[in-house]
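Take a look at the sequence and the structure first, then work through the steps.

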Amino acid sequence: MKDRLRYRFTLIRPLLVPFILYIGLLAFAMTWLSANPSSPWRPLVALLPVLPAIWIALGMLRAISRLDELERRILLEAAAAAFAITLLLLLSLGLLSLAGIPHPNSIYIAGFMVLLFGLGKLWGNWKTR
């Protein structure tokens, strides 16, 4: 168990710096955008957190490439389930918007997809044990 946690930490460690940078740039962007409502720099500042997010995505791909086949399969099934359920959610919300029901902000949908991916990963780990 200890070796597994140590191995997982070596996979996650390269993601810590870009994640902290993402949180810092997100806080900066939110603060700056609320303080400068008429600035022409608003789109650029709003997209600043995407830069470390790209770094995080590349680090995740690198970490996944170091996993064994079973772990990759679990991640693939979790991603496929999260994608399918989120697709059904978006389809339902789109159809409900035809009835006049407003749809939520897309950041909540992204969070929902991450939550579903995490639940799928837990379910896949439980299923294979």
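## Exercise 1: the cavity

The largest cavity has a volume of about 30 Å³. This is a predicted model, where local features need pLDDT of at least 70, side-chain atom pairs count only at pLDDT 80 or more, and totals for chains, interfaces and linings use all residues. Residues are numbered from 1 along each chain as its sequence is written, and side-chain values use heavy atoms, with hydrogens and water left out.

**Task.** Find which residues line the largest cavity.

**Solution.** 
- Step 1: On a 1 Å grid over the protein atoms alone, a cavity is a set of points where a 1.4 Å probe fits but cannot get out, a pocket is an open set with protein on both sides within 12 Å along at least five of seven lines, and lining residues have an atom within 4 Å of a point. Points are joined across faces, edges and corners, and a volume is the space filled by probe spheres set on them.
- Step 2: list the lining, which is Leu11, Pro14, Leu15, Gly59, Arg62, Ala63 and Arg66.
- Step 3: α1 (2–35) and α3 (50–65) are the ones that give two or more residues; helices are DSSP runs (H or I, at least four residues), numbered from the N terminus.
- Step 4: sort the lining residues into four nonpolar, one polar and two charged. Here Ala, Val, Leu, Ile, Met, Phe, Trp, Tyr, Cys and Pro count as nonpolar, Asp, Glu, Lys and Arg as charged, and the others, Gly among them, as polar.

## Exercise 2: two helices

**Task.** Work out how the axes of α1 and α3 cross.

**Solution.** 
- Step 1: the two axes come within 8 Å and cross at roughly 165°. Axes are lines fitted to C-alpha atoms, for helices over the stretch in contact, with angles from 0 to 180 degrees between N-to-C directions.
- Step 2: α1 is therefore roughly antiparallel to α3, a label for angles over 145 degrees.
- Step 3: look at who meets whom.

## Exercise 3: the pocket

**Task.** Say which element gives the most to the lining of the largest pocket.

**Solution.** 
- Step 1: the largest pocket holds about 940 Å³ of space.
- Step 2: 20 residues line it, and Leu15, Ile56, Met60, Ile64 and Phe117 are the closest to its centre.
- Step 3: α1, α3, α4 (69–98) and α5 (106–128) each give two or more residues.
- Step 4: α3 gives the most, with seven residues.

Key:
Angles under 35 degrees count as roughly parallel, over 145 as roughly antiparallel, 65 to 115 as roughly perpendicular and the rest as oblique.
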